[in-house]
Amino acid sequence: MDQHHQKTTLALFCKVVDNYGDIGICWRLARQLEQEHGIGVTLWVDDLQSFQRICPQVATDRETQQVSAVTIRHWRGQDGVFTAADIADIVIEFFACDIPPAYIAAMAERVPHPVWLNLEGLSAEAWVEGCHTLPSPQSRSLVKYFFFPGFTGKTGGLLLESGLLQQRQAFLDDQAAMAAFLRQLGVTPAEMASRKVSLFCYPQAPVAAVFKAWQGGGKAIACLVPEGVAVDTVEAFLGQAAQAGASATRDALTVRVLPFLPQQDYDKLLWACDLNFVRGEDSFVRAQWAGKPFVWHIYPQDEDLHHVKLNAFLQSYAATTEKLAEFSLCWNEATKAAVDWSALWPAFAADMPKIAMMAMDWQQQMLANGDLAGNLLKFAETVR
Ligand SMILES: Cc1cn([C@H]2C[C@H](O)[C@@H](COP(=O)(O)OP(=O)(O)O[C@H]3O[C@@H](C)[C@H](O)[C@@H](O)[C@H]3O)O2)c(=O)[nH]c1=O
């Protein structure tokens, strides 16, 4: 790959299926490969609007642009002319997105062939270990390998930037920086002194019922909601449009709408809060690195397939913290029993110190698996 001591190149193809997770993961991986490993990364993405939401520096009207040293190309469909000289050393398709046929044809022309990986979605299910790094022979002697993120040493691990945990610790140790960060988002001193909860979930989460339990609870709660999340319930609570800056207090609960944050600021929000509600894949992983108690809203799938994935994760993550598992199942409507949130919430809250300790142990376990970008490059070396 590096015979001429040239920079290794990598093309990452990202199709935005919906929301922000697809581009969120690809952007994080692209930046890390470029910045920490000195790889020349080209990120092909079909939806620059979604990209701009998590990275405001991205222009939505450019065919090609550079952000944080990564080359970003607007992927406009399956047409296109490519020659072997256009092909990177490593080609990654995210989530089985179909890369353009002409690109694949040029891959076959290239000597040596590039390393071709399909980066899959995250799951704690046991079968993942057996499928991680499996080869899938393609036409014209090309081979594609499946690469799975995961929670064990027999998977690709989780995305983690090298300085992230130190940055987090420095932020937590610097009360003034943390207060300044929250203040700039409009959070008041009274809210800072409350139990701070960030809320990111899909529209079907039982937010209204949980708000009710928080409202009637003994301890003041400040629920910080990025714009666009749980809009109907937030508007019903606020009695006004859920725009950044809007807030209302009823009994023990204050709900405050935040601007949708750039990706790096979203990490700070997770670090600053006492409890984080996260969803999908990327915010779910970030919550694990935040080391704070979190509740995961899993991306819904047909035939409740996501409940299997949720249970697989809870079995390894929440095995020792019964209330976390119960709360998570109820939050995901993965239980048939009627839920008494006014009883479940205080029971969960009482368990939070234990859950927080467990979260730190989990972090150590995940660290031992190595990080996804590093694991991916090591694997690419073995098959090039
Ligand atoms: C709330 C918030 C999130 N973000 C970022 C964090 C993440 O990178 C991204 C959100 O991605 P996720 O947490 O993965 O949730 P998500 O629901 O947005 O995304 C995905 O979930 C996957 C399971 C699906 O496969 C995808 O198709 C996609 O739907 O948005 C910000 O940058 N600022 C914010 O204020």
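**Exercise 1. The two domains**

Task: State which residues make up domain 1 and domain 2, and describe how far apart their C-alpha centres lie.

Solution. Step 1: In this predicted model, domain 1 covers residues 9-158 and 370-383, while domain 2 runs over 164-367. Step 2: Between the C-alpha centres of domain 1 and domain 2 the distance is 30 Å. Step 3: To the contact between them, domain 1 gives 20 residues and domain 2 gives 24 residues. Step 4: About 2,000 Å² is buried between domain 1 and domain 2, and 56% of this area is on carbon and sulfur atoms.

**Exercise 2. Polar links across the interface**

Task: Find how many salt bridges and how many residue pairs in polar contact connect domain 1 and domain 2, then describe the side of domain 1 that touches domain 2.

Solution. Step 1: The rule finds one salt bridge across the interface of domain 1 and domain 2. Step 2: Asp 282 and Arg 28 form a salt bridge through their side chains, with 2.9 Å from N to O. This pair passes the test because the cut-off for a salt bridge is 4 Å. Step 3: Eight residue pairs are in polar contact between domain 1 and domain 2, counting pairs with both residues at pLDDT 80 or more. Step 4: On the side of domain 1 that touches domain 2, the elements giving two or more residues are α1 (21-37) and α2 (48-54). Helix α1 supplies the largest share, five residues. Step 5: By type, the residues on this side of domain 1 are 10 nonpolar, five polar and five charged.

**Exercise 3. The surroundings of Gln 263**

Task: Decide whether Gln 263 is buried or exposed, and list the residues it is in contact with beyond four places in sequence.

Solution. Step 1: Gln 263 belongs to helix α10, which spans residues 263-272. Step 2: The relative accessible area of Gln 263 is 8%. Buried means under 20%, so Gln 263 counts as buried. Step 3: With neighbours within four places in sequence left aside, Gln 263 is in contact with Gly 24, Trp 27, Arg 28, Arg 31, Ile 54 and Asp 282. Step 4: For Gly 24 there is also a distance: its backbone oxygen lies 3.0 Å from a polar atom of the Gln 263 side chain. Step 5: Two other names in the contact list, Arg 28 and Asp 282, are the partners of the salt bridge in Exercise 2.

**Exercise 4. Backbone details in loops**

Task: Locate the cis peptide bond from Val 111 to Pro 112, and describe the phi values of Ser 68 and Thr 133.

Solution. Step 1: The bond from Val 111 to Pro 112 is cis, and its omega is near -10°. Pro 112 sits in the loop between α3 (101-109) and β6 (115-119). Step 2: Ser 68 is not a glycine, yet its phi is positive, about 45°. Its loop joins β3 (64-67) and β4 (70-74). Step 3: Thr 133, also a residue other than glycine, has a positive phi near 70°. Thr 133 is in the loop between α4 (127-131) and β7 (135-137). Step 4: The relative accessible area is 33% for Ser 68, which is partly exposed. Thr 133, at 27%, is partly exposed as well.

**Exercise 5. Thr 335**

Task: Describe where Thr 335 is found and what it touches.

Solution. Step 1: The loop between α13 (322-331) and α14 (341-367) holds Thr 335. Step 2: Thr 335 has a relative accessible area of 29% and is partly exposed. Step 3: Not counting residues up to four places away in sequence, Thr 335 touches Leu 329 and Cys 330. Step 4: A polar atom of the Thr 335 side chain lies 3.2 Å from the backbone nitrogen of Ala 337.

Definitions and conventions
Residues numbered from 1 in each chain as written. Heavy atoms only, no water. Domains from an automatic or database assignment. Contact = heavy atoms within 4.5 Å. Buried area = accessible area lost by both parts, 1.4 Å probe. Polar contact = N/O pair within 3.5 Å; in protein donor to acceptor, adjacent residues only side chain to side chain. Helix = DSSP H or I, 4+ residues; strand = E, 2+ residues; numbered from the N terminus. Nonpolar A, V, L, I, M, F, W, Y, C, P; charged D, E, K, R; others polar. Buried < 20%, exposed > 50% of the residue type's maximum accessible area, 1.4 Å probe, protein only.
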